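Dear colleague,

Please find the structure we spoke about below, with its sequence.

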Amino acid sequence: MKKRTIFTALLFLIIVPATIIGGVVFLNDRKYYFISLLLVIYTMIPFFLSFEGSKPKAREIIIIAVLTAIAVAGRAAFFMVPQFKPVIALIIIAGVCFGGESGFLVGAMTALVSNFFFGMGPFTPWQMFCLGIIGYLAGILTQKGVLKKTKPSLCIFGGFATFFIYGGIMDLSSVLAWAGSLSWELVAVTYTAGLPFNLVHSASTVIFLLLLARPMLDKLERIKTKYGLIQR
């Protein structure tokens, strides 16, 4: 378990962002379909390693697919309201209930699948990484006992994760997309311009966690216990 956790952390925290940055530097940020495909492959590796040699049951794959579909539908349902989305709240719930590997997979696949409807672009790999890493951290912190399955704990984590991880990284990706290099002036302008959007996004995550966390976690925990889902 310790070796797998270290491998997963290295994969998600180092290899994934290095791949995205490599696409920006060496492929001029234009081969985002290829980079997205690599990220999908990366996310599948630790997920299947979590079964430790046994074949995953169909229902274990289905629960991940269903959670991804719900998150995609949540993004589509609120497409008229900029940044006010339940997506990150649902990804956090997935990570808390089913672990870091599943949380990363749900987050990354949500970004990829939803962008087939809303438009693919150089931002897609960045979104896959941001949403994935939030789901991964939710799972790991819950496993370590740092993140509790209570509304206050989840809301605090969700608000900060949305603002600093998703907002911070996506704003940085915008700077790289526009300028191709970093300058303090452009970084300051970008983060200032993105501040209202990140605040709305963060607030929406807190609101949806307040509304959805307890009922969804209760139901998912019952399903997980009944069918023995992803408890390895």
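In these notes a residue is called buried under 20% relative accessible area, exposed over 50%, and partly exposed in between, with a 1.4 Å probe and protein chains only. Arginine 30, at 52% relative accessibility, therefore counts as exposed.

Before going further, please keep in mind that this is a predicted model, in which local features need pLDDT of at least 70 and side-chain atom pairs count only at pLDDT 80 or more, while totals for chains, interfaces and linings use all residues. Residues are numbered from 1 along each chain as its sequence is written, and side-chain values use heavy atoms, with hydrogens and water left out.

Helices are DSSP runs (H or I, at least four residues), numbered from the N terminus. Glycine 22 belongs to helix α1 (residues 2-26) and is partly exposed, at 21%.

Glutamine 83 deserves a look of its own. This residue lies in the loop between α3 (58-77) and α4, is partly exposed with a relative accessible area of 24%, and has a phi near 70°, a positive value in a residue other than glycine. As background, most residues other than glycine have a negative phi.

Next, the packing around α4. Axes here are lines fitted to C-alpha atoms, for helices over the stretch in contact, and angles run from 0 to 180 degrees between N-to-C directions. Helix α4 (residues 87-98) and helix α6 (residues 123-143) have axes that come within 7 Å and cross at roughly 40°. The two are therefore oblique to each other, the term for whatever is left once angles under 35 degrees (roughly parallel), over 145 (roughly antiparallel) and 65 to 115 (roughly perpendicular) are set aside. Their crossing is right-handed, meaning that the near helix is turned clockwise from the far one by less than a right angle. Taking contact as heavy atoms within 4.5 Å, α4 meets α6 through residues including Ile88, Ile91 and Gly95 on the α4 side, and Leu131, Ile134 and Ala138 on the α6 side. The residues of this contact divide into eight nonpolar, four polar and no charged, where Gly is counted among the polar ones.

Helix α4 also packs against helix α8 (residues 184-227), at an angle of about 35° and with the axes 7 Å apart. Among the residues in this contact are Ile92, Val96 and Cys97 of α4, and Phe208, Leu212 and Glu221 of α8. Here the division is 15 nonpolar, two polar and two charged.

Finally, the cysteines: how many disulfides are there? With a disulfide taken as a pair of cysteine sulfur atoms within 2.5 Å, the count comes to zero. The sulfur of cysteine 97 is 17 Å from the closest cysteine sulfur, in cysteine 155, which is too far for a bond. Cysteine 97 is buried, with a relative accessible area of 3%, and cysteine 130, at 0%, is buried too.
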